[in-house]
Amino acid sequence: QQISWTPLLVLGYLFYLLLGAMVFQLLEKQAETHFRDQFQLEKLKFLQNHTCLDRQALEQFVQVLMEAWEKGVNPEGNSTNPSNWDFSNSFFFAGTVVTTIGYGNLSPSTVAGQIFCVFYALFGVPLNLAFLNQLGKALNAHLLTLERWVQKPGRAQVQWQFSILAIFLTTGTLFFLVFPPLVFSYVEGWSYGEGFYFTFITLSTIGFGDYVVGTNPNKHYIPVYRSLTAIWIVFGLAWLALVFNVGADLMERYLQLKWHKSDLSLAEGDTTKLEDEPEQPRIHIPS
């Protein structure tokens with residue numbers, strides 16, 4: 001009797017979520033408490049240094065800052081800050097919509113813009129999936145071409161297959177995960193770790209929005225900076241999606257292989273048990 005590995009996968013998935021929740025709580029809760037206390041202390045110092053203000057006036061001003069940030073207006077700088085809705089930034093935003101990244105630092109504030117965004121995503125997300133699917137097939141076709149080439153007589157097939165897979169992973173990792181953080185570190189002023197974090201969070205479509213390119217009002221960006229970033233995101237999504245698919249396929253095969261081996265062990269155990277047991281006398285009852 002074949003045992004389904006689906007319940008094990010469900011339990012493993014839930015356990016993984018619970019493990020992540022406990023680790024994140026352990027790592028982040030204390031830091032959040034520290035930052036909250038520090039912020040309250042800074043507000044108290046501000047009130048002490050500016051006796052013409054009261055706490056209610058300060059809280060109202062903080063609320064204004066929060067609303068401005070939610071609307072995509074950076075409180076830093078002045079009114080000469082570049083628009084969030086010029087063509088380059090709008091192109092970047094359109095890319096975050098159809099790719100479902102959704103950083104959350106910028107969103108339509110008008111009713112017409114919100115309605116258009118709904119219908120734009122309704123047709124754009126399937127279109128983006130179809131495009132990424134075709135792009136992934138093109139990448140896979142190149143891999144198959146290399147695989148057919150190495151399958152010619154006289155070549156070690158398995159060794160070459162591993163070599164091709166290693167080249168594919170290494171090249172993609174360099175172009176999409178290793179080199180881009182260097183560019184972002186130089187342009188945005190981030191550390192390499194922050195740039196790598198932004199790169200992976202973006203290409204995996206998680207998109208927290210804590211780091212977004214081209215949003216520092218104190219820096220001068222070239223007009224096509226965010227548009228080029230959007231193009232890099234599209235090709236990076238196709239590569240990383242293919243890597244995730246390969247990883248998921250390998251994990252499924254591994255689980256199926258483990259359960260298949262356990263089924264064979266159970267079957268062999270039952271056979272050995274039947275062979276070890278002495279044959280019982282059979283009673284024949286004539287009809």
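Start by selecting phenylalanine 198. Beyond its neighbours within four places in sequence, this residue is in contact with Tyr103, Phe184, Trp190, Tyr211, Val212, Val213 and Trp232. Keep in mind as you look around that this is a predicted model.

**Widen to the core**

Phe198 is among the residues with the most contacts inside the largest nonpolar core, along with Phe92, Tyr103, Phe184, Val213, Trp232 and Ile233. That core has 25 residues. Which elements give two or more residues to it? Colour α4, α5 (157-188), α6 (192-203) and α7 (225-276) and you have them. The top contributor is α7, with 10 residues.

**Zoom out to the whole chain**

Switch to cartoon. Of the 287 residues in the chain, 24% are buried. Take the contacts between residues at least 6 apart in sequence: 58% of them join residues at least 24 apart.

**Colour by confidence**

Next, colour by pLDDT. The chain average is 80, and 80% of the residues score at least 70. Which element has the highest mean pLDDT, and which the lowest? The highest is α6, at 94, and the lowest is α7, at 73. Then select residues 280-287: pLDDT stays under 50 there, and the model gives this stretch zero contacts beyond four places in sequence. Where pLDDT is low, the predicted coordinates should not be read in detail.

**Helix α3 and its end**

Select residues 87-98, which is helix α3. Its 12 residues should span 16 Å at 1.5 Å a residue, and the end C-alpha atoms sit 17 Å apart, which agrees. Show side chains here: Ser88, Asn89, Phe92, Phe93, Ala94, Thr96, Val97 and Val98 are buried. You have already met Phe92, one of the residues with the most contacts inside the largest nonpolar core. Step just past α3 to threonine 100, where phi is positive, at about 60°.

From valine 98, draw a distance to leucine 127: the two are 29 residues apart in sequence, yet their C-alpha atoms are 8.0 Å apart. Leucine 127 belongs to helix α4 (residues 111-150). Is leucine 127 buried or exposed? It counts as exposed, because its relative accessibility is 60% and the cut-off for exposed is over 50%. Valine 98, at the other end of your distance, is buried.

Move to the charged side chains. How many salt bridges does a search of the whole structure find? Three.

Begin with glutamate 32 and arginine 36, whose closest N and O atoms are 3.1 Å apart in a salt bridge. They are four residues apart in helix α1 (residues 6-49), so about one helical turn separates them. An α-helix has 3.6 residues a turn, so residues three or four places apart point the same way. Glutamate 32 is partly exposed, with a relative accessible area of 43%, and arginine 36 is partly exposed at 43% as well.

Next, select lysine 43 and glutamate 59, which form a salt bridge at 2.6 Å, N to O. Lysine 43 lies in α1 and glutamate 59 in α2, so this pair ties together parts that are 16 residues apart in sequence. Check the accessibility of each: lysine 43 is buried at 8%, whereas glutamate 59 is partly exposed at 32%.

Arginine 55 is partly exposed, with a relative accessible area of 42%. With Lys43, Arg55 and Glu59 all on screen, you are looking at a network of salt bridges.

**Last stop: along α2**

Select residues 55-70 to see the whole of α2. At 1.5 Å a residue, these 16 residues should span 22 Å, and the end C-alpha atoms are 23 Å apart, which agrees. Finish on glycine 72, which follows α2 and has a positive phi, near 90°.

Definitions and conventions:
Residues numbered from 1 in each chain as written. Heavy atoms only, no water. Buried < 20%, exposed > 50% of the residue type's maximum accessible area, 1.4 Å probe, protein only. Core = buried A, V, L, I, M, F, W, Y, C linked by side-chain atoms within 4.5 Å. Contact = heavy atoms within 4.5 Å. Expected span 1.5 Å × (residues − 1). Salt bridge = Lys/Arg side-chain N within 4 Å of Asp/Glu carboxyl O. pLDDT = per-residue confidence, 0-100.
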